[in-house]
Amino acid sequence: MKKVNIWAWIILLIGIVYFFLPLVATLEFSMRMIKGRYTFEAYRVAFTDPKFFLNFGYSVLWALLTIFFSTVLVVPTAYWVHWKLPKARPFVEFVTLMPFVVPAVVLTFGLIRLYGRPPILLLGSPILLIAGYIVLSLPYMFRAVDTGLRAIDVRTLTEAALSLGAGWVTILTQVIFPNLRVAILSGVFLTFAIVMGEFTFASLLAWPAFGPYMEEIGSMRAYTPQALSVVSFLLTWASIGLLQWIGRGRGQEQVAGAH
Amino acid sequence: MAFLQIENVSKIFGSVEAVKDFNLDIEKGELVSFLGPSGCGKTTTLRMVAGFETPSSGRIIMNGEDITQMPPNKREVGMVFQSYALFPNMTVAGNIGFGLKVMKKTPQEIRQRVEEMLALINMPEYGDRYPYQLSGGQQQRVALARALALRPDVLLLDEPLSALDAKIRVSLRAEIRAIQRKLGITAIYVTHDQEEALSLSDRVVVMNAGRMEQVGSPFEIYNFPKTAFVANFVGTLNTATVEVEDPAGGLLRMDNLILKSAENLQEKKKGDKVLMSIRPERLSFASELKKDNVLDCTIENITFLGSVVRIQVRLGNSLFYMDTFNNPFLELPKLGDKSQVTCSKEAVLVLNH
């Protein structure tokens, strides 16, 4: 028994070291901007750059737009698949896995080729960027919502609401959405974290965003980018923490997991 | 004209005919149950009345109006599900008031009706609870109140008690019946439990493989089953294939025993094979009172069931059950004893295949 315990701890320790060592090193490096002392000078420099706020602000805007349209697209689709077309589920799931199969660079070039010339010209508007981000968010959004839908009896709840005279809008907004709250939020936070750190789309489509900004800073300065990566990690953790905190509430609900 | 008419309704799923030519008239205030094994089409028929399935052919007429193609949310129908299906994000009051809110009733009206419904199900203090804070039986009562809050024309219950434990099942089915009688609401009750169907229905529809086997009062269904399926599905039954000995005299031959039956055998010939059945409670020991048939038997097995003692006897080459009421002074025979059992000629039924 004891032996097993020791091994478990050793493995856990290796995991922790593997995960945290680069982070600690980054943090440590980012605080050495002024020789011989640990300071937050790099962070001060990062946060006083007006371009930081501009790019960060744009990324937040892209993230919010992506979240909105992705939710509007995924929730009714996943709901409909559960309720009427359970056989189509594997197919829909496969489609949502596209961003794992098709690299972002390929996807972006495909979008540029298709929409960069007549008859459909979309290059000048952020529609392409948001559409691309929605595709990127699909695996997380769909799986989160799908897990949430599995946890409730979609079919019977829908039929119960129907027999009480409710129409589709009422059923979606008053029965399905509230019961998927935690699942949707889990998809939302993951999407937020992904869009905030995304580089390829924003860079190739030439829209201001946090990812390209970090890259730009990284090629010019030594300490600030490290500070920014620490900040971006904290941001992701804050999202996950927020998600756990919201999901804790009612005993019956469970946090729909990201896979 | 009946309140709810189901006319020649069939439902085909792919290549499977789930419901075949279903015909039934249900009167206002009547409680009819659909009884049968799983996959017999009882739930599909109910779902067609609810509007969740559309019949492949036939018509459903409610209150003089053809509702065959009407969407479920336009029908005046309340439904109770096996899995309760309460909305987990709403309180008990929210659940009961949901349909009223959809109908855009005033908050005052909703509050009043919800209170009325909570009183009806004897749960006046539970309005602010959430479904997960209630037991299964309480959840199902709330689901019943929710279905009744809109005062529907017809109440549909789809195996409402199947997920509950035995004690609650018995008390809740009495409660459902009392509420249904009190409101005088027309109801269809789907179940696979024959005891449930017999105890609370005005009429029972026994179904098998998509077909109606027999429609009748619980009394008729139990005492005069028309087909072998009904006889076997409802209650315990002894059956044996026997030969007609004397069509005019109603005599049947089972191995070396002759039985007298009250059934009309005029259309049969001597030597025809028929399926004969006797309910276990119609048999008794001949030592007390001799009836039309007195048959030699051997005691094969004795099972004590509490209020009833079930004795297995060998009649000819067949094994039959015989039920006798328990009492503390009962003198039970020993296994292997020779004895005689008796039954009236009315107890000997001949079934259609």
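B:Leu283 sits at 2% relative accessibility and so counts as buried (under 20% relative accessible area; exposed is over 50%, partly exposed in between, 1.4 Å probe, protein chains only). In this predicted model, local features need pLDDT of at least 70 and side-chain atom pairs pLDDT 80 or more, while totals for chains, interfaces and linings use all residues. Side-chain values use heavy atoms, with hydrogens and water left out, residues are numbered from 1 along each chain as its sequence is written, and chains are lettered from A and ligands numbered from 1 in the order in which they are written.

The loop between strands E14 (273-278) and E15 (284-285) of chain B is where B:Leu283 is found; strands (E, at least two residues) and helices (H or I, at least four) are DSSP runs, numbered from the N terminus. Leaving aside residues up to four places away in sequence, its contacts (heavy atoms within 4.5 Å) include B:Asn238, B:Ile278, B:Phe320 and B:Thr342. B:Val341 lies 58 residues away along the chain, yet its C-alpha atom is 6.5 Å from that of B:Leu283.

Turning to the interface, 20 residues of chain A are in contact with 24 of chain B. About 2,000 Å² is buried between the two chains, 64% of it on carbon and sulfur atoms (buried area being the accessible area, 1.4 Å probe, that two parts lose on being put together, summed over both). The rule picks out 1 salt bridge across this interface (a side-chain nitrogen of Lys or Arg within 4 Å of a carboxyl oxygen of Asp or Glu). B:Arg47 and A:Glu159 make a salt bridge through their side chains, at 2.6 Å from N to O.
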